[in-house]
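Subject: Structure handover

Hello,

Here is the structure for you to look at. Please open it and keep it beside this email as you read.

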Amino acid sequence: LESILEESLHDQASEGAKLSLVDLLCIGIGSTIGSGVFVLTGKALPEAGPAAVVAWMAAGLISLLSSMSYMELSSRLPTKGSCYVFSYHGLGELAGVVGAVCLTMEYGISGAGVARNWSAKLSNAIGYHPVLCHNFKPFGQGCDEDHDYYYDPIAAVMTLLCTWVVARGLNMGKIVINAFTFAKIILVAFMIVAGLACWTGNQFDNFAPRGAPGVIDATSLLFFGFIGFDEVCCMASKADNPSKTMPRALAGTLIGAALFSGLAQFSLAAMVPYTVGMQSIGFEEAFANKGLFWARWLVSVGELVLLPLVVLLSVLPQPEVTAAMSEDGLIPSIFRRKNREGTYVQGTWLCGGILTLVAFAVPFAVLWDVISLGVLMSFNLTNAALINMRYGNGGALRKPWVDALVWFLMITLSIAGFTFNQGILTPLLEEKAVKRLSMVLVALGAAKPRIPHITTLECPASGCNPCVARIFYPQTWAAKLPANGSL
């Protein structure tokens, strides 16, 4: 703990630009508001109808439970690395390495996937696909957008450009990020207002057409619309007074994401009345159906212009994670070398080069669910690390039996969350018999020890949140992921 706090003080005393609360909010909101508004709102509408707004609030509450662990740990350990540092300090080196892999999947790898998605959108807009299929056949014969088994030079160029912006330093990076984030907020606000202006009918007459099953299915889908809120923790070494700023930035990110996404969902539901058997529909198609082709064009162009922000924000924290690993001696020292402005230039280019190759060659038709599981695993590691640290095992294994109990808790809670979904919740909603074994496993996982009082920033309801809700609920939604995409 002393070395981490000393490192934090050294980072605060170093030269270079610092991130204010507004800068961190732009990073967090810019990361979370994207696919949730542009894609997931349209997918949630057929599942829950207008009640998808409730599903957004429920998904936000679940994310808030996990964010409380990040708030407390970012106050205790105000340094770069996020889940990696939390896991290393609270659970040991192996857990730290697993946490770093999960962060790489959540940020770097997913950013490369977003670059490929942006490339596909650009190709559709210009009517030409400058890609090469893996089997060297023309686009449409050997590959397509649904199965992106092709080499994508446009995605590679976009990833490389974002790497260059990050390598230029924080002064340039935060100007670009803040400008793009404010532009994205303006676009989303326009979508909300324009959608409400096209309100037809009374959506409250059939507010939840599929009842509770539809709301739960939509919640499991929308939970991943909040992925990225923890990115601000990776930038703690670049923040002003991180012990106070990071918890506020995390809370503000989640509140902002829930507010904008929920209002966008309400606006889309007001514009597109629910019908039985309806398919997924986005704002672009909805505006076109209303005859507002100029609005459709504005949304399409706006999304195309602003989507690279997500790629930039995915590349931004990756050098911070590798620098933290390098300082712990897990990877070569080149990753922790800074220039005068405090930028990890060499580490940034090494990480960016690898991500550029991934964006160029690796298809993401199957890997998205694996990335989602990686995110959930990082949540579980962070929550488990907090429990272990509260019992006094932070930084050293002082109570081996407590450490073993925490690992046992994490495993049993994960099993309990999965079996609760598959063996109790799903059968109840489908009016089938509940499996008795699932009830036993859930009861075993729900048993929790007493959490001692601590003197630093402590999350509300600490007696149950760390042990049950923060691990149990995310694992419940993990059970909704397709098995063939997760293995």
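Below are notes on salt bridges, helices and one surface patch.

First, the ground rules. This is a predicted model: local features need pLDDT of at least 70, side-chain atom pairs count only at pLDDT 80 or more, and totals for chains, interfaces and linings use all residues. Residues are numbered from 1 along each chain as its sequence is written, and side-chain values use heavy atoms, with hydrogens and water left out.

Salt bridges

Side chains of opposite charge can pair when their charged atoms come close. A salt bridge here is a side-chain nitrogen of Lys or Arg within 4 Å of a carboxyl oxygen of Asp or Glu. How many salt bridges does a search of the whole structure find? It finds four.

One of them joins Asp 23 to Lys 174, at 3.7 Å from N to O. Asp 23 sits in helix H2 (residues 21–32) and Lys 174 in helix H8 (residues 170–197), so this pair ties together parts that are 151 residues apart in sequence. Helices are DSSP runs of H or I with at least four residues, numbered from the N terminus. Asp 23 is buried, at 7% relative accessible area. Buried means under 20%, exposed means over 50%, and partly exposed lies in between (1.4 Å probe, protein chains only).

Another salt bridge pairs Glu 47 with Arg 210, at 2.8 Å from N to O. Glu 47 lies in helix H3 (residues 35–48), and Arg 210 lies in the loop between H8 and helix H9 (211–222), so the pair links parts 163 residues apart in sequence. Arg 210 also meets Asp 217, at 3.2 Å from N to O. Arg 210 is partly exposed at 35%. Asp 217 is partly exposed at 23%.

Helix H5

Is helix H5 (residues 83–91) largely enclosed or left open? Eight of its nine residues are buried, so the rest of the structure largely encloses H5. Among the buried ones are Cys 83, Tyr 84, Phe 86 and His 89. Just after H5, Gly 92 takes a positive phi of about 115 degrees.

Helix packing

Axes are lines fitted to C-alpha atoms, for helices over the stretch in contact, and angles run from 0 to 180 degrees between N-to-C directions. Helix H6 (residues 93–126) packs on helix H14 (residues 308–315) at about 160 degrees, with axes 8 Å apart. That makes H6 roughly antiparallel to H14 (over 145 degrees; under 35 is roughly parallel, 65 to 115 roughly perpendicular, the rest oblique).

The axes of H8 and helix H11 (residues 242–271) come within 8 Å and cross at roughly 30 degrees. H8 and H11 are therefore roughly parallel.

Surface patch

Trp 294, Trp 297, Leu 298, Val 301 and Val 305 make a nonpolar surface patch of about 510 Å². Patch residues have over 30% relative accessible area and no salt bridge; like charges are joined within 9 Å, nonpolar side chains (Val, Leu, Ile, Met, Phe, Trp, Tyr) within 5 Å. Accessible areas come from the Shrake-Rupley method with a 1.4 Å probe; for residues, only the protein chains shown count as cover. Leu 298 lies in helix H13 (residues 293–306). Leu 298 is partly exposed, at 32% relative accessibility.

Best wishes

Terms used
Helix = DSSP H or I, 4+ residues; strand = E, 2+ residues; numbered from the N terminus.
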